[in-house]
Every structure is written in structure tokens, then in C-alpha cells.
Amino acid sequence: MKPLTRNGAIVLVLTLSILPACAQSSSVTNSTTNSITISTTNSGQSVYSDVIQPIFTAKCSFCHGGSSLDAGLSLESWGQVMAGSSRGAAVIAFDAENSLLVELATKYQAGSHPEELSSASLIDAEIQQIKDWINSGAPGPAEQIPFADSNDFIYVTNQGEGTVNVIDTGSNTVVRRVDLTALGFAVMSKPHHIAVEEDGSYWYVSMIAENRVLKFSRDNELVGQAEFQVPGLMALDPASDLLFVGRSMAAVNPPQSIGFIERSSMDIEEVEVFHPRPHAIAVSSTGDYVFSGSLGENRIIAVNVESRDGTRHSVEGPIHTLVQFGVTPDGQTMIVGGQLTGKLFFYDISNAPELTLLKTIDVNAAPWHPVFSPDGKFAYLANKMANTVTVIDMESQSIAKVIEGEGLSQPHGAALSASGKFLYVSNNNLNGHYTPHFDLGDNELAGTVVIIDTHSMEIVKVLEVGAYPSGAGSRRAQ
Ligand code: HEC
């Protein structure tokens with residue numbers, strides 16, 4: 001890199017080592033340290049203080065600062081830049097291409113921002129400096145990498161583009177976008193579902209079209225993988241080393257077995273479940289039984305994890321197409337929705353492998369992936385065909401609220417922050433029911449993550465993410 005000059009000052013270039021904790025997948029090398037180049041000035045300050053903030057101060061902060069906070073975005077300090085706007089992130093560290101601040105300068109169809117508001121836009125050299133800074137991790141005045149110390153993330157797959165969003169639950173912004181194509185996987189590798197270790201140390205993603213489950217460290221480094229045909233939903237056993245995996249809904253006639261993955265080694269064993277299209281999957285709170293539900297028949301099987309013996313159960317009525325289970329935190333009750341009938345079933349599983357049907361209720365169309373509040377009082381599930389989220393009162397086993405609103409468009413997966421304060425619902429938006437706020441020329445397939453305050457049960461934010469957001473996962477709410 002050539003020395004840069006700014007205001008006549010010579011800018012020196014130093015090579016700094018960034019901790020592996022700061023690495024993002026696009027810069028992942030599987031090595032323990034990533035060396036990147038950060039330029040600093042001869043005044044000993046940082047790129048942020050000497051190069052980036054002065055650009056924002058000259059061209060942006062009279063609209064994005066002080067009492068004038070357009071879009072709720074302040075560009076007056078590094079902390080405020082990283083906090084983003086009322087709509088989401090302005091900058092995604094290590095990913096200039098998907099950072100809205102850069103996109104608005106380079107791709108905004110209304111004209112480069114803020115030129116479309118008759119204010120001077122960034123010149124090419126400034127855009128390049130901002131891009132380089134973002135791609136080096138958007139370090140702050142003390143060279144700190146944003147959100148390097150956070151440990152409560154929501155992971156949401158972009159099934160249509162081979163990436164995974166990492167959402168920080170403190171700021172409710174996308175703080176990393178893990179690019180699986182940079183690791184050699186196809187754009188249409190179809191990352192589908194996420195499971196996360198309870199302490200946040202590792203996360204797992206099922207890759208439908210790559211026939212494997214990948215294991216990532218908290219720092220988004222690929223550390224292992226297991227081969228399994230058309231993997232779909234996953235269930236992580238907090239009581240053992242096992243991760244259970246079923247088959248994708250996209251598969252018409254997959255093997256009638258589920259995967260038992262040892263998370264430490266990523267060794268996998270396939271266990272027969274004797275029903276077609278095993279999709280729904282959950283594990284009992286003690287880790288003694290894993291439950292598998294069929295998309296093709298009204299069947300649930302409880303498999304003894306130790307002996308591998310299965311106990312089969314039938315579900316009454318027409319084909320429901322059981323999508324996904326949820327087990328209450330106390331391990332007593334399991335719920336499952338039927339995609340075709342809009343039924344929600346409540347089972348007592350305290351005597352597993354026996355299942356006792358407690359109640360059946362009607363909910364909005366296509367109840368998808370349920371999650372529970374940490375105290376087990378509420379269940380939340382997306383209604384894929386109704387663009388709503390149903391909140392279930394578990395005590396009365398009835399509907400507490402049906403949430404509707406902007407951003408809900410083919411809602412699919414759900415995950416809670418560890419505190420249970422926020423619910424995150426991924427939305428495919430393949431039908432364009434939601435129109436992104438800014439036209440960036442490539443918005444046809446922009447999906448969303450809708451953030452709901454679980455106390456008020458209101459939508460508080462709509463994050464625009466990539467193409468076809470599907471599965472969502474987080475550390476178990478506690
Ligand atoms: C003349 C006032 C003005 C100036 C100068 C200005 N902006 Fe903006 N900016 C706005 C307004 C107004 C919006 C909201 C537009 C909307 O919602 O459609 C906005 C929105 C944004 C957003 C999107 C926030 C979000 O999440 O919706 C970003 C990023 C942004 N500006 C960055 C910048 C940068 C970088 C500069 C300096 C190069 C800048 N702006 C200069 C007025 C300004």
C-alpha cells in the first residue's frame with residue numbers, strides 16, 4: 001500500500017495484528033491470526049480519527065449530528081456510527097459491499113446520497129477510504145473492532161445468497177455478514193437453519209444444497225463439518241455433545257433417517273426414523289429422547305438417544321404437514337404446528353417416549369418454527385402464509401396475540417435474545433410484499449428480520465437483510 005497524503009500530511013502505513021476474535025468470514029483463513037494492514041498518521045492517531053471522521057464531519061454530520069438526526073443516524077463519533085440508524089446498521093464491519101453507508105453513496109437509484117438532497121456527495125477517493133476502513137473491520141479511534149466483545153447474537157441465514165447475518169441483540173443491528181461463498185460454497189448452497197451452543201462458543205448451519213452441516217466458532221471461523229444429505233432443521237442437546245439434524249422440506253424423497261452429530265468431532269451417525277420426509281426435530285430437556293416429525297404422514301417418533309429405539313405416534317386428521325416442534329424450558333410440553341391445516345398441537349412429553357395430546361387449537365395459516373420465552377409462559381411462531389406472528393399463552397394454551405405489521409412477509413424462522421427481551425423473525429419476502437426503504441437497484445429479493453419487543457408485543461424495528469432469510473438461531477433464551 002502506498003503512503004497516503006491528506007491535508008499535506010504524510011500518512012504512514014503500519015501493519016497491525018488483529019485478534020482472531022475480530023475475524024469475519026470474508027477474511028477467514030482458518031489460521032489463528034489474521035494480519036491486516038491499518039494505516040495510521042504520523043500524529044499517532046487512528047485511521048478513524050484522522051481520515052474517516054473528518055469526512056463525516058465535513059459532509060454528513062450537519063444532517064446526521066447534534067439535534068438534526070436524519071434517519072436517527074449520528075455520524076459524529078465512531079460509537080454512534082456503529083450504533084446505526086433507527087432502521088439498522090449503516091456500517092457492517094469487514095463488509096463494505098453490504099454497508100448501507102457505502103451502498104447509498106454508490107448504488108442509490110435516486111442519486112448518490114446526499115447529492116439527491118442537493119448536498120455534496122462523497123468523492124471516489126473518500127468512498128475508497130471508507131471502503132478500505134470498513135473492510136479492515138471498521139476499527140475505532142483506539143483500533144477496537146466493533147462488537148468484538150458481544151456474546152449474544154442472533155444468526156439468520158440468507159438462503160438465497162449463501163450468507164449468514166449476525167445480529168447483535170444489544171444494538172439490534174447486523175454486525176457481521178458471514179459470506180459462505182468466500183469459503184468456496186456455492187451462492188445457491190442454501191444455508192437453512194442455525195443452532196448455537198448455549199454459551200455462544202460455536203454455531204452450526206445446515207447447507208441444503210451442499211449436503212453438510214458446518215460448524216463455526218463465535219468469531220465466525222469455519223472449524224468443522226459433517227456430511228448429511230439435504231439437511232434441514234437442527235436441535236442441539238444441551239445435556240450432551242449431540243446435535244440432531246433432520247431433512248430439508250425441499251427434498252421430496254430423502255432417506256428416512258435423522259443425523260446424530262457429535263459436536264466436538266463432527267462425526268455423524270444416521271438413525272432410522274421409519275417415516276417419510278423427517279423434518280420437525282426437537283430434543284427432550286434431559287437429552288434422553290429426540291423427536292422427529294414427518295411432512296408426508298401424520299407421524300411423530302420419539303427415539304431413545306441411548307438405545308436408538310423408536311416409539312411411534314400417530315396424529316389424527318388429514319395430513320397436517322408437521323413443520324417444527326418446540327419444547328418448553330421445563331421440558332414438560334411440546335408444541336407443533338401443521339402447515340396445511342393451521343392446527344397447533346400441545347403434547348405432554350413428561351413421560352416420553354409416551355406422548356399425550358393435551359389440546360389442539362386453530363392458529364393463523366402455516367404455523368412455522370416455535371420458540372419459547374425463557375420463563376416458558378409464551379410461545380411465539382411465525383405464520384408463513386398469513387404474514388403474522390402468533391403469541392401463545394402456554395398456561396391457557398390459547399392465542400394471546402396475533403402480531404401484524406410492516407416487514408412481516410412470509411415469516412419463517414424465529415429466535416429470542418438470551419434475555420428474552422426481543423424476538424427476531426426472519427422473512428423470506430420472495431413475493432415482494434415488503435418493499436425496501438431505499439431502492440439500491442438490487443432490491444427484488446431483499447428479505448427482512450422483524451424485531452418484536454416481547455413485553456409490548458409490538459414490532460420495534462425492521463432490518464433489511466439479504467436474499468431469502470430462512471432459519472434463525474440463538475443461544476437458548478435464559
Ligand atoms: C442534507 C442532509 C443530509 C446530508 C448532508 C447527509 N444525509 Fe444522510 N440522510 C439524510 C436523510 C434525510 C436521510 C433519510 C432518507 C430517507 O429516509 O429516505 C438520510 C439517510 C442516510 C443513511 C441511511 C440511514 C438508514 O438506515 O435509513 C445513511 C447511511 C446516510 N444518510 C449516510 C450519510 C452520509 C455518509 C453522509 C455524508 C456523506 C450523509 N448521509 C449526508 C440527510 C442527509
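Trainee: In what order do the strands of the open sheet of four strands lie?

Mentor: This is a predicted model, in which local features need pLDDT of at least 70, side-chain atom pairs count only at pLDDT 80 or more, and totals for chains, interfaces and linings use all residues. Residues are numbered from 1 along each chain as its sequence is written. Strands are DSSP runs of E with at least two residues, and helices are runs of H or I with at least four, numbered from the N terminus; two strands pair if DSSP finds at least two bridges between them. The pairing in this sheet is antiparallel, and the order is β9-β10-β11-β12.

Trainee: Which are the edge strands?

Mentor: An edge strand here pairs on one side only. That holds for β9 (191-196) and β12 (222-227).

Trainee: Which residue in β10 is the bridge partner of Val196?

Mentor: β9 and β10 (residues 202-207) pair in the antiparallel sense over four bridges. In β10, Val196 has as its bridge partner Trp203.

Trainee: How many residues of domain 2 are in contact with domain 1?

Mentor: The bounds, from an automatic or database domain assignment, are 4-135 for domain 1 and 154-474 for domain 2. Contact requires C-beta atoms, placed from the backbone, within 7 Å. From domain 1, 24 residues take part, and the number from domain 2 is 21.

Key
Two residues are in contact if their C-beta atoms, placed from the backbone, lie within 7 Å.
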